[in-house]
Amino acid sequence: MNGAPAPSISDAPAARPQRPRPPTLRLLILALTALPLIAHLAGSAWSLQAMRRWGNVDLSLNYPGWGDLNHLIAVRRSGGFLIDGDTSQPQGAGLQGQDLITAVNGVTVARRPGVLYEAMMHGRPGDTLTIEWSREGRRMMGRGVLGPETPTHVNMGLLTFQAGSGTLAWSLVGPPLLLGLLFLSLGLLVGLVRIRDDVAFSFGLFLLVLGLMYRSAFNTPLEILWPAGLTFGTHAATALASGFAFLLGIRVFASFPLRTRIGAFALKAQWWVLAAFGVLAVARAVRLLAIEYEPLRPLLPAAQAILRVPRPAITPMLLTLLGLLLAAQWFAARRHPTRRARAFGVWMAVLFAAAVIGVVADRIPWSGTSRTQAIVALVLQVTVPIVLSIVSLLGLAHSIVAHRVFGLRVVVRRGLQHLLLSRGVLAVEFVALFLVLLQVLRGGQFEFSDSVPAVASLALTSAGLLVVGLGRINRPLMTTIDRRFFTEVCDARRVLLGLGEQVARLSDRGAVFERAGETVVSTLHPARIAFLGRTSDAWTSAWCREARGRPPVAVQCGVTSEEVARLAGPLAFVEQGRAWAECLVTREEVDAGRDIRAPASFELLIALRSGEELLGVMALAAKLSEEPYSREDKELLQAVAVQLGLALKNAELVEVAKREARQARDIEIARRVQQSLFPQVLPQPPGWDLAACCRPAREVGGDYYDLFEPAPGMLALALGDVSGKGLGASLLTASLHSTLRGRLPAQLDDIAGLMSEVNEHLVQSTPAGIFATLFVGLLDTATGRLRYVNGGHPAPMLLRAVASEPVLLSEGGPLVGILPGAPFTVGEVALAPGDMLLIYSDGLSEAMDAEQRMFEESGVLRALEAARSLDAEPVLHAVLDAADRFVAGSEQSDDISLVVARRTVAAPHGTDRCEPDSRAEPWQQG
């Protein structure tokens, strides 16, 4: 009988984890802060190039600076250029001190403030300019001639310098430009790469704001030539951003690299700082914009009133607060000696010192009683802050790479790798080299410099050869850089890729996890690593290690069900086919992971697969080095995961082979035990011919039959069919065998009660869904009287010698082992000489051919009638042969058992052996 399949619990589809929303607001804030700084730097670079060729420009025309923002504001307010002292450019125009130039060559200064600079910069010696000016309220006009180029004289109080245009350009614009580029590069690097990290994002934004403040502190020459809207807009944005400088500084120094008590107090007061500086910043921005934009003029009085309100020295107070925060960080770093804390603290202290020196030295006047005082003011206000700032920013950049501040070391390496090995970068290098060579060849003193085709072909060929050479040396160069500066990357790659050969030789699942886990811990240094295995309905911890102490030592740990629940989203990603999934971990969780009293949170999951089958997951916490897991780390771990998947599958197959070998031994033992339960020699009562056999569908089956003599002159006939097949069913048949053999001799007069006892025994001792059909008959061999109980079994067929219609023995009750307290009744028939009884299991009537048609009871009856004149054993063979011919070689799907009893006049000469014919499958006999 085919047992009903046990109900299976299907895995509910995992909820799709929500992807983290992109930090759009933070990207917007970074962009809005970086754009004014980029505009400042672009304008400074333009001014640098313009100043190198401005030989005709007389700086004494620029009041109060050199065409910078202050000069532009003065022009906007007065409507012209105010001459400060004597001037020699343009010659012959008749200009005098305190004259106000209002127009040049017909273009009014009020409409285009830089018109005079444009005319003098782009003109040549001898060019004539038409000048209009105002003197003591009178309008005047004259013509002037541009004189020859002369060295520029710079008057700075008591200090007067004479320098060429190129030297002056680099001295005025070069250092601030370099400083701004450093602030911009470092701020964007930290802010963009670690944009989800609150402290790192605040620090990147802090550097950008400092870059704006530093850049605006140095007057940029020739800003008067920029578009006025761009000039006022960038300076207004700078003023507005400066209101957040101290707030950002507090947010960074209060919690990074370590949390301090003073930092906690400062964080509580940060919004008061924002309020105070924010109002001043907005007032400064409005004052600048109102000069250029008419609609904002009504706001100008309010802004000026705010700026005139007496206020305490807020800047020194906040600088003192930042100094205290830095000092607290310094002492905290001494208690927790990490290289990251020391490096960050040292270089931020240098940057802080540059700011303090600049603020304090700003109180020293440029013009005084001594030339020495002017030199000291120049050095302290300009030279020292710029030098210290550049040094501190370079030191911060070095600490980011060398000491893993904010975990950006891997970003630097990936940038170098992309720069050296990317084909796209090589293409850009080719274009850049071609353009440079083209300009060099065209401007050189070569015979072919005037030939465009010759210059272009030579530049193209040279650029191509250079790029090919770069492509050939870049890869070994990157390898050399890795070996010299990133040795742990090479070591990790070598060790992890060699792990596959080690685990391939392991046949134990636990040994595979042990070797792989120890290797990953020793190379990537995660604070915690675990391997999770997938059971039928849940993820469980298979292996776990955690790094504790200093130096870190791997110790055993476990993964709780709560932790697995928190990983539900990333695990669902892995189940959907992803090779890896990241877990969003805050910096607080990362820092908490370094506390040996609490387990570290997992940051990365790597799928372990064999083909499409998901075998498990490797879970990794944050690195002890505080670096994030780079793409190369993930690619290495994926390569390791492939090897682990193969090793785990191999270990699983080895385990399956061992288990199957054990099962085969167990099944062989069960088969022998079951064979021993069948009667080895059939009883031979006088006047009866008996035959029986069992053909199991597997090595062991669920069918049971028995023929024995419980009392003199009595013959017990039993045949049962347990639900299911295999080892479990065979165990239940053994229970039926022992129950019937043990209790039937004492209950010969109450076989219905015996069937009830068997039913109650199965109900109480077997799981739900396990049941049996059972036929038990008690035959009086002298009279031929048969009393029986049919417990849901296919009705045995009694074929009379004198009648054509068979008698079906169906009296009894339901299936055995289903209903507690089920009633059973006894049926009774008499067998006359020549009558034949066939008891069979449903494996015979339900035998199916290739078209899934069943043999059915009608097929059994036809085979029985065709052999009604034969003895018991030939009848048994005839029925089996008929069934075999019907299925025509199809696989046997259920156990087949038969018992044949014929009453004869004389004593039968039956046999107790049952042999199949040549067309039948191997089967077992009783």
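**Aromatic contacts in the predicted model**

Ring pairs link Phe513, Phe531 and Trp543 into a cluster, where rings of Phe, Tyr and Trp (its six-membered ring) pair if their centres lie within 6.5 Å, and planes under 30 degrees apart count as stacked, over 60 as edge-to-face and the rest as tilted. This is a predicted model, in which local features need pLDDT of at least 70 and side-chain atom pairs count only at pLDDT 80 or more, while totals for chains, interfaces and linings use all residues. Residues are numbered from 1 along each chain as its sequence is written, and side-chain values use heavy atoms, with hydrogens and water left out.

**Aromatic pairs**

- Searching the whole structure gives four aromatic pairs, among them the stacked pair of Phe513 and Phe531, at 4.7 Å centre to centre with 25 degrees between the planes.
- Both Phe513 and Phe531 are buried (under 20% relative accessible area, with exposed over 50% and partly exposed in between, for a 1.4 Å probe and protein chains only).
- Phe855 and Phe886 form a tilted pair, 5.5 Å centre to centre and with 45 degrees between the planes.
- Phe855 is buried, at a relative accessible area of 6%, whereas Phe886 is partly exposed, at 26%.

**Charges over rings**

- The charged end of Arg26 sits over the ring of Phe201, 4.9 Å from its centre (the criterion being NZ of Lys or CZ of Arg within 6 Å of the ring centre and within 35 degrees of the ring normal).
- Likewise, the charged end of Arg578 sits over the ring of Trp580, at 5.9 Å from the ring centre.
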